[in-house]
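Let's take a walk through a protein and its ligand. Have a look at the picture first, and then we'll go through it piece by piece.

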Amino acid sequence: MNPILTAFKTSPDRGRGLARDMPARWALEEVGQPYDVRLVTFAEMKEPAHKALQPFGQIPTYEADGLVLFESGAIVLHIAERHPGLLPTDADARARAIAWMFAAVSTVQPPIVERERAFLLERDKPWFDARQPALEQEVRRRLEDLSDRLGDAEWLDGPFSVGDLMTVTVLRRPAGANLLADYPNLAAYVARAEARPAFQRAYADQLAVFEAASAG
Ligand SMILES: N[C@@H](CCC(=O)N[C@@H](CSCc1ccc([N+](=O)[O-])cc1)C(=O)NCC(=O)O)C(=O)O
């Protein structure tokens, strides 16, 4: 029985692989684990059946062998713990890879999401223009530090790991991605990750869902 992910029936990201089923798909492709997807509508996500899996009424969820998980980072970590290829075997290197997962979602992502939300929800507010420079600066602070740490390395800490998968997932979000031109090593880092066959397969699969729904 394959693991089952939930994903948007019609994703607001219009097939750009920005919704958070993407990191779970990507991790499963990296370890070569086939999986199935249950597509849900926005309304279905808020119903008791889905909230029993994901208390906040969101996607993704992961179900396998009686285990139900939510939180894309937790799903990625679980996949990496059950299959070789995404976490180092050395205990210290493994701990550092997991630290980078937390850094991605807790340090790099918040200013990117805040900048995105302001753009999506506050454009008509009187304070919108005045807030933009500060919102952009907060994202740039994280990109600068990440760029300094990465330097000319291929991945953040040794071979490609869950730390890179989650960091690239965060950097692909529009409010970060549209600043990457100013950080060439980060832009190249994201491009390297997106060129990985596993990323390509995951991306193609989520795009096919969007295209099928759009053709609907
Ligand atoms: N922390 C949780 C967050 C999950 C989450 O935000 N899920 C979103 C979809 S991915 C977030 C997302 C949505 C859209 C875009 N986009 O670019 O259009 C990008 C990311 C969701 O279900 N939203 C519906 C709701 O909250 O009611 C995780 O990582 O799993």
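Which helix gives the most to the lining of the largest pocket? That's H5, with 12 residues. Helices here are DSSP runs of H or I with at least four residues, numbered from the N terminus.

Before going on, keep in mind that this is a predicted model, where local features need pLDDT of at least 70, side-chain atom pairs count only at pLDDT 80 or more, and totals for chains, interfaces and linings use all residues. Residues are numbered from 1 along each chain as its sequence is written, and side-chain values use heavy atoms, leaving out hydrogens and water.

Now for the pocket itself. On a 1 Å grid over the protein atoms alone, a pocket is an open set of points where a 1.4 Å probe fits, with protein on both sides within 12 Å along at least five of seven lines, and lining residues have an atom within 4 Å of a point. The largest one holds about 1,300 Å³ of space. Of its 43 lining residues, those closest to the centre are Leu18, Arg20, Val113, Glu116 and Arg173.

And what takes up the space of this largest pocket? It's the ligand. Around the ligand are 15 residues (each with a heavy atom within 4 Å of it), and Arg20 is among the closest, along with Lys46, Ile59, Glu71 and Ser72.

Ser72 also puts a polar side-chain atom 2.6 Å from a ligand oxygen, a polar contact being a pair of N or O atoms within 3.5 Å. For Asp13, a polar backbone atom is 3.2 Å from an oxygen of the ligand.

How values were computed
Polar contact = N/O pair within 3.5 Å; in protein donor to acceptor, adjacent residues only side chain to side chain. Sits in = over half its atoms within 2 Å of the grid points. Points joined across faces, edges and corners; volume = space filled by probe spheres on them. Helix = DSSP H or I, 4+ residues; strand = E, 2+ residues; numbered from the N terminus.
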